Amino acid sequence: MPTNISKLSYVDPKAEIGEDVTVGPFCHIGPHVTIGNGSVLDSHISVSGHTTIGERNRFFPTAVIGSEPQDAGYSGAPTKVEIGDDNQFREGCTIHRGAEKEDHCTRIGNRNTFLCNSHVAHNCRIFDDVTLVNGVLLGGHVHVHDRAIISGNTVVHQFCTIGTLAFITGASRTTVDVPPFMICTGADQFRIRTVNIVGMQRAGISESSVAAIRRAHRLIYRKNKKLDEVQKIFSQELDGVIPITLNTLFDHFEGIKGSKAGRGREEAARNATYIPEDNDKNSTRRAA
């Protein structure tokens with residue numbers, strides 16, 4: 001089907017627009033933008049910078065994609081935003097392009113939902129099937145892993161990592177890495193409440209793996225056992241065959257060992273150098 005571009009919108013002649021794309025009135029699309037097949041831009045949407053958008057993405061009115069990062073060190077370099085397929089960006093959503101740090105790129109995977117007025121800052125990475133509810137604010141360099149849900153009006157400190165299938169309750173203040181599979185709250189003091197059993201079941205995770213995560217939660221957060229001791233307990237009971245879910249949880253705790261503020265990636269990310277584009281093998285189109 002042909003692409004439908006409103007006469008009331010501006011699309012730079014150098015922009016690459018796929019097939020069956022709809023661009024409604026009062027949109028602005030810059031010269032270094034690529035939009036994949038089947039995507040829909042309703043109206044009053046700005047897409048700028050070196051922004052690559054995959055297929056079947058939906059942008060609701062007043063979304064702003066690819067604008068300059070709110071970073072004092074940004075000096076106009078051609079940093080990027082890369083977006084996968086089947087994402088939804090609701091009204092007032094803002095996605096900033098990378099600052100001149102790490103790999104210079106903000107990355108968004110597939111099938112994610114960004115509700116009204118949510119904000120993704122520079123150099124963030126959103127994996128797949130993530131939901132940011134209304135008013136969620138992500139600081140720079142935040143990573144949010146598969147199927148995580150961050151509830152409304154929650155703020156996430158820069159360099160935090162939100163684990164797979166984590167659930168953060170509304171109006172939380174998140175300043176540390178959030179373990180996978182956990183339900184967390186942090187309006188006054190951030191804490192791990194319980195295991196996200198419903199989320200794990202909906203994701204098709206086996207009952208045995210859910211039970212293992214629940215037991216690990218009790219050992220770590222109720223009985224205050226150290227990681228090495230918990231790993232040894234499971235290794236002995238399971239004859240060394242550790243479920244993927246447990247390894248994912250253990251990897252989280254390994255990642256924050258020695259971190260001063262509970263953010264395992266912070267020091268390494270701050271010291272990272274630019275990865276040339278032709279050597280960058282990362283992909284937002286699959287979960288890591």
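Which residues in α2 meet which residues in α3? Ala212, Arg215, Ala216, Leu219 and Ile220 in α2 meet Val230, Ile233, Phe234 and Glu237 in α3, where contact means heavy atoms within 4.5 Å. This is a predicted model, in which local features need pLDDT of at least 70 and side-chain atom pairs count only at pLDDT 80 or more, while totals for chains, interfaces and linings use all residues. Residues are numbered from 1 along each chain as its sequence is written, and side-chain values use heavy atoms, with hydrogens and water left out. Helices (H or I, at least four residues) and strands (E, at least two) are DSSP runs, numbered from the N terminus.

**The helix pair**

- Two packed helices are described by the angle between their axes and the distance between the axes.
- For helix α2 (residues 207-222) and helix α3 (residues 227-237), the angle is about 145° and the axes are 10 Å apart. Axes are lines fitted to C-alpha atoms, for helices over the stretch in contact, and angles run from 0 to 180 degrees between N-to-C directions.
- The residues of this contact divide into seven nonpolar, no polar and two charged. Here Ala, Val, Leu, Ile, Met, Phe, Trp, Tyr, Cys and Pro count as nonpolar, Asp, Glu, Lys and Arg as charged, and the others, Gly among them, as polar.

**The sheet**

- Eight strands form an open sheet with parallel pairing, in the order β3-β6-β9-β12-β15-β18-β21-β24. Two strands pair if DSSP finds at least two bridges between them.
- At the edges stand β3 (16-17) and β24 (161-162), each with a single partner strand, so one side of each has no neighbour in the sheet.
- Strands β6 (residues 33-35) and β9 (residues 50-53) run parallel and are joined by three bridges. Thr34 stands opposite Thr52 in β9.

- His119 lies in strand β17 (residues 119-120). His119 counts as buried because its relative accessibility is 12%; buried means under 20% relative accessible area, exposed over 50%, and partly exposed in between (1.4 Å probe, protein chains only).
- The side chains of His119 and Thr94 make a polar contact (2.7 Å). A polar contact is a pair of N or O atoms within 3.5 Å; within protein, one must be able to donate a hydrogen and the other to accept it, and residues adjacent in sequence count only if both atoms are side-chain atoms.
- Leaving aside neighbours within four places in sequence, His119 is also in contact with residues including Gln70, His96 and Leu138.
- His119 and Val64 are 55 residues apart in sequence and 9.7 Å apart in space, C-alpha to C-alpha.
- Ser118 is in the loop between β16 (113-114) and β17, and at 0% relative accessibility Ser118 is buried.
- A polar atom of the Ser118 side chain lies 2.7 Å from the backbone oxygen of Leu115.

**Loops and positive phi**

- Most residues other than glycine have a negative phi.
- Asp20 has a positive phi, near 55°, and is not a glycine. Asp20 lies in the loop between β3 and β4 (22-23) and is partly exposed, at 33% relative accessible area.
- His104, also not a glycine, has a positive phi of about 65°. His104 sits in the loop between β14 (94-96) and β15 (105-108) and is buried, at 17% relative accessible area.
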